[in-house]
There are 2 protein chains.
Amino acid sequence: MQAVNSISARASQRVALHFALFQIHSYHEINIKCRKLNSSPKRLVLACDAWYGVAHGCTRKLGMKICGFLQKNNSLDERNIIGPLKEPQKNQLSWDHGERAPRCRRPDTDFSNLFARDLLPAKNGEEPTMQFLLEVVDILTNYVRKSFDRSTKVLDFHHPHQLLEGLEGFNLELSDQPESLEQILVDCRDTLKYGVRTGHPRFFNQLSTGLDIIGLAGEWLTSTANTNMFTYEIAPVFVLMEQLTLKKMREIIGWPNGEGDGLFSPGGAISNMYSVMIARYKYFPEIKTKGMCAAPRLVLFTSENVRTACCLIIAQLIQLKTQHHYSIMKAGAALGFGKENVILLSTDERGRVIPADLEAKVIAAKQKGYVPLFVNATAGTTVYGAFDPINDIANICEKYNMWLHVDGAWGGSLLMSRKHRHKLSGIERANSVTWNPHKMMGVPLQCSAILVREKGILQGCNSMCAGYLFQPDKQYDVTYDTGDKAIQCGRHVDIFKFWLMWKAKGTVGFQQHIDKCLDLSEYLYKKIKNREGYEMVFQGEPQHTNVCFWYIPPSLRNIPDGEEKREQLHKVAPKIKAMMMESGTTMVGYQPQGDKVNFFRMVISNHAATTSDIDFLIDEIERLGHDL
Amino acid sequence: MQAVNSISARASQRVALHFALFQIHSYHEINIKCRKLNSSPKRLVLACDAWYGVAHGCTRKLGMKICGFLQKNNSLDERNIIGPLKEPQKNQLSWDHGERAPRCRRPDTDFSNLFARDLLPAKNGEEPTMQFLLEVVDILTNYVRKSFDRSTKVLDFHHPHQLLEGLEGFNLELSDQPESLEQILVDCRDTLKYGVRTGHPRFFNQLSTGLDIIGLAGEWLTSTANTNMFTYEIAPVFVLMEQLTLKKMREIIGWPNGEGDGLFSPGGAISNMYSVMIARYKYFPEIKTKGMCAAPRLVLFTSENVRTACCLIIAQLIQLKTQHHYSIMKAGAALGFGKENVILLSTDERGRVIPADLEAKVIAAKQKGYVPLFVNATAGTTVYGAFDPINDIANICEKYNMWLHVDGAWGGSLLMSRKHRHKLSGIERANSVTWNPHKMMGVPLQCSAILVREKGILQGCNSMCAGYLFQPDKQYDVTYDTGDKAIQCGRHVDIFKFWLMWKAKGTVGFQQHIDKCLDLSEYLYKKIKNREGYEMVFQGEPQHTNVCFWYIPPSLRNIPDGEEKREQLHKVAPKIKAMMMESGTTMVGYQPQGDKVNFFRMVISNHAATTSDIDFLIDEIERLGHDL
């Protein structure tokens, strides 16, 4: 490290700045460079790297302050400073150690003297606009490439106060005066640097993971088109794509000729909320006008199991001792039913609703004079990945004249797989279905559909003007306008990325994706079910990609079962997770459920994951948890 | 046109295909080329252009069929066919008549043999991934450039059945088998080709217009990061950005130290729905558990004026004879209040709520035993752009202990302007505010904030688990997790583009943007208020950028006022609008309101618009409407 101390302050500034501005270094890379220090031909650069590595990695806090200071003092003239250190023949702004793909060569643009006001529609704004957008794309494609590179960390964790303090010159505060485009590009890099790579092959933390390239292209196009779904007039192509795609989804559900209705909504919770609203409108249309008090006391039924990804995190937050179903509960509260009129159904050891419990609770509610209105059958619970027995539930719904909704936010996508769709057997009997392509099908967020068997009822439920069927004004067929079906006014275009992915993969491609993820989870299940130090939370093969397990560190293996062991075990998953996040190598969720202490819930929806990543996860849990 | 007939079928195929694949020609350009036909040095190409122009433009239906046929038969080998016609030294896939910006040079990739499965995470997928994304960006940057070019059409209108029939080979149907990346790129081009350029300087149809380059870059980054706002854990940077930006917005509203609460939601209607839910929770928290029937009959008050963009279109659809306020009405129906408990307030001739009418209706409701809960004051109505007198309304709310919400979805942005913020005087007395940066501030869709003065109440209202304040598990401060405040589970990242625009423009930049748009509308108002053939819908200078007017064709000018004239006049705006869309030159909205027959509503939020575009609009209305 002698070389480090001998470099001039000026040079150190240059390089510190270089990295702060241009690339994220993993500690691993920096360490390798430290070791190479005296043997490298590019001695100065590497010495500086190492120095920066020390500042940034080894004594992080001090390093951050120094780097932040250096960057602050140099950000406007970094181009000149870095110039002499650059490798020849590389584009300045895409100088990148991991560089492999062929790059655009373009004339250097000095963004330090350019501002947003110099871009289009400014006079002569076309050139800087194109250069600026290409720089942004450069940052984004680098990010994409690195997200698939297993030597890149999943995240570079910092606490809120660290980011708020202006880490390494990354200042989140907004100001009155504009910043240069150079600073804007730096902000873009920093935003990605301190974020989480949800597309990384070792990110398993959510139900929505992965970074589909076609889906990404679709989102870029959607933002460029910048319109909304309200009318055919302003979104002709997207409105038709939505219509065709919803029809295809209804065909896959099994409704005759794909007839029915539907919308893409801003997520599974809102889709589920739609289902409750529609059911209410179907049975008690007068509520729309007169309010909830115009009807008898209505009750909703749903599994006691936690469904959605967020719910998992809520469960984690509150150390749930009882099981809850949040999205239907939230809908019940919001729509004026009241939480206590959402009745939770008991589940078996695998997390599936027990139909006899539903029937008993329906009868009990009726005896109290309540009206059973709506049953939610979950196809793929959040934690266990359980599929409720839809046919049995449908029988009860028919018998008691209740609306059957299937919440397939997580599990609905299994309909695309010949091998696995039997798990949703009976779904064609549902009145409505939630299905989130942004979860198991790898579509970028957000993409959630509410599908309804009865045509026209969405419109009836949500339109503010009954009975308008005749619009002489417009020159096109306004039945294509969707605005009055929605509770939203402007509605984001969520369809295009999904449509494009379907075009690019075909139905067969989605099937392969789903089968592959389920195969991977089977691999994980088989690997750990008899492995020392592991215990499964429920017995038998998982129905979905959810694999729930405890890792039991050696120190706990000989403690007899009992409260003390439970208390100890409860702390294991959070500790391992915290270390994972600190080291940034992988991410997986955990939570307690019912009387079960904190356990890991592994889910796989990322098409980049392989068996090697599963092996890595297990190795990592053991490495981090071994000495607990 | 002799030359046209003499070109070989093969050559015509080549060029038709070339255009179908690569660029949108305006009829104007084609006509110019037709005229130049015999003088051009590139005779063959232009002859083909002209031929295509004839096929595409002059006898559109036949032309479409021919082009579709040609494209269908060539789409997989277009590269070889086009090759000989290409200009030298141009990148093949960015060959473009309007080409000016310096382009990336990159090796040709044959996308016809590549599929989604060949992209990352496929082995060796990096190279095709980068090439594919760069091609997509090429398409998008071309689109951006042309959107600001006034010689480009705003839209190329087709009826739903035309697009569904597979126009020019653009097939919307989804299939089982994957399509090549070449076809996917064609699909991207076609999607943009048949869409509407909402960023075009002459698109005035919606409250949300324009294409901000920084905002666009922000959206591209957001899609690449592909995460959601539920927890700090998976969106650390975005969660903090949201927090800081909401604080800044609350400071601008005038709440002490910017204290309070808030969220970005999927649009103004949902933000308004939040406000009603929070008010209900504040006054009757037991409703969350017990439902609406646990409380007395609650009533909500809102202006009879139509607010949101969509509402305008609903109004247009249903030929509204009475005025309605949809988003509060929709919220009232959805949340279980019932539409008849949403009481509409009379407005003055400028569309502003009359405070005395509010007080009278509050008293009347109380006399019936109802409980007045919530008043919505609109800051910027959709049609008139009217600002309700907030201070007067706040006095009444304080007197009768009601929640005051300000719906500033459209007008809230005027708070950023020193010159115009007085129109929202009293907003600091509101309990909650809706403010959509995606409207007047030019932020890409979607970006809507619900802001609340009382801290913690969002959490109380929407959390499913009262009283959790202690989370020993996570290693970071989980008060930053926002999930339990929302009615959604996963929540889209809407903040980044807005934050980035604020950085890039500064507060002053937004102020300039708003002042400029208001100046433009003043220019329009002054131009037409005394012009022959125009009549203003309301007198006096508009408060917002909304300018509402009738154009009266010469044939109607001498008809005496009366029902016949009204009937005739009612048809004028729809006819002109239909012709505008057919010619694709500009777009502006119209609607009836109250007893007023269809009139144009001009709004300006696009920073690309200039006085020349206003002049163009007026010329165009007169050109199209002169002979009606």
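This short talk goes through chain A and then its interface with chain B.

First, the ground rules. This is a predicted model, where local features need pLDDT of at least 70, side-chain atom pairs count only at pLDDT 80 or more, and totals for chains, interfaces and linings use all residues. Residues are numbered from 1 along each chain as its sequence is written, chains are lettered from A, and side-chain values use heavy atoms, without hydrogens and water.

Start with chain A. It has 22 helices and 12 strands. Those are DSSP runs: H or I for helices, at least four residues, and E for strands, at least two, numbered from the N terminus. Of the 628 residues in chain A, 70% are buried, meaning under 20% relative accessible area with a 1.4 Å probe, protein chains only.

Now the interface. How many residues does each chain bring to the contact? Chain A gives 161 residues, and chain B gives 161 residues. Contact here means heavy atoms within 4.5 Å.

Next, area. The size of an interface is often given as the accessible area lost when the parts come together. Between chain A and chain B, about 14,700 Å² is buried. That is accessible area (1.4 Å probe) lost by the two parts, summed over both. Carbon and sulfur atoms give 69% of that buried area.

Then, charges. The rule finds 10 salt bridges across this interface. A salt bridge puts a side-chain nitrogen of Lys or Arg within 4 Å of a carboxyl oxygen of Asp or Glu. One of them joins A:Lys577 to B:Glu233, with the closest N and O atoms 2.8 Å apart. On the side of chain A that touches chain B, helix 7 (residues 126–147) supplies the largest share, 15 residues.

Note on methods: Buried < 20%, exposed > 50% of the residue type's maximum accessible area, 1.4 Å probe, protein only.
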